[in-house]
Amino acid sequence: MAMFFLMPVFALILMLIYRQKRYPYVHHLIFSINIYTVLLILFSIAIITDYIFAKTAPDINTYVSNILLAGTIIYFIAASKTFYMLSWKKIILKTGFVISAYTFLVFILFIAFLVIEIIHTYQLT
């Protein structure tokens with residue numbers, strides 16, 4: 001559920017990093033919907049394989065997760081190359097920066113919500 005709330009933030013990060021293309025925010029939002037759709041499909045595949053092979057072959061889950069993670073990154077790079085029409089070098093560099101910025105932002109939000117929950121839980125009344 002949180003992924004749907006973070007989608008506009010992801011589009012904003014894309015807009016800031018690819019600002020020389022001067023696409024409106026809505027174009028970046030549609031592109032982020034595309035990326036999130038593929039991500040959710042790959043997450044679903046990972047959950048299904050985990051459910052199927054959890055007891056019989058747990059090593060398969062690790063391989064499938066690694067392949068799906070690599071597939072997600074490769075898809076994001078290829079989709080960015082198609083959408084933003086930049087050189088491979090710029091796309092790989094900017095994609096890495098987008099992923100890093102997004103991961104950092106999610107981490108900061110996680111810590112903020114954790115602190116809020118701790119304060120709320122141990123609040124003296």
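Let me start with a term: a residue is buried when its relative accessible area is under 20%. Keep that cut-off in mind. And remember throughout that this is a predicted model.

So, Ser80. This serine sits in helix H3. Is Ser80 buried or exposed? Its relative accessible area is 0%, so Ser80 is buried. What does Ser80 touch, beyond residues up to four places away in sequence? The list is Tyr18, Phe31, Met85, Ile91 and Thr95.

Now the helix around that serine. H3 covers residues 58-84, which makes 27 residues. At 1.5 Å a residue, H3 should span 39 Å, and its end C-alpha atoms are 39 Å apart, so the two agree. An α-helix has 3.6 residues a turn, so residues three or four places apart point the same way. Back to H3.

Next, the core. The largest nonpolar core has 18 residues. Which of them touch the most other members? Those are Phe10, Leu14, Tyr18, Phe31, Phe76, Tyr84 and Val98. H1, H2, H3 and H4 each supply at least two residues of this core. H1 gives the most, with six residues. Take Leu14 as a case. Setting aside residues up to four places away in sequence, Leu14 touches His28, Phe31, Ser32, Phe76, Tyr84 and Val98.

On to the loops. Start between H1 and H2, where we find Arg22. Phi of Arg22 is near 55 degrees, a positive value in a residue other than glycine. Arg22 is exposed, because its relative accessible area is 73%.

Move along to the end of H2. Thr49 lies in that helix. Thr49 counts as buried because its relative accessibility is 14%. Then comes Lys55, in the loop between H2 and H3. With a relative accessible area of 81%, Lys55 is exposed. How far is the C-alpha atom of Lys55 from that of Ile74, 19 residues apart along the chain? The separation is 30 Å.

The loop between H3 and H4 holds Met85. Met85 follows H3. Its phi is near 50 degrees, again a positive value in a residue other than glycine. Met85 is exposed, with a relative accessible area of 57%. Recall that Met85 is one of the residues Ser80 touches.

Last stop, the surface. Helix H4 runs over residues 88-121 and contains Ile111. Why does Ile111 count as partly exposed? Because its relative accessibility is 34%, and partly exposed means between the 20% cut-off for buried and the 50% cut-off for exposed. Ile111 belongs to a nonpolar surface patch of about 1,000 Å². Who else is in the patch? Phe104, Phe107, Ile108, Phe110, Leu114, Val115, Ile118, Ile119 and Tyr122.

To close, two things to take away.

Technical notes. Residues numbered from 1 in each chain as written. Predicted model: local features only at pLDDT ≥ 70, side-chain atom pairs only at ≥ 80, totals over all residues. Heavy atoms only, no water. Patch = residues over 30% accessible without salt bridge, like charges linked within 9 Å, V, L, I, M, F, W, Y side chains within 5 Å. Areas by Shrake-Rupley, 256 points an atom, 1.4 Å probe, with all protein chains shown as cover. Salt bridge = Lys/Arg side-chain N within 4 Å of Asp/Glu carboxyl O. Helix = DSSP H or I, 4+ residues; strand = E, 2+ residues; numbered from the N terminus. Buried < 20%, exposed > 50% of the residue type's maximum accessible area, 1.4 Å probe, protein only. Expected span 1.5 Å × (residues − 1). Core = buried A, V, L, I, M, F, W, Y, C linked by side-chain atoms within 4.5 Å. Contact = heavy atoms within 4.5 Å.
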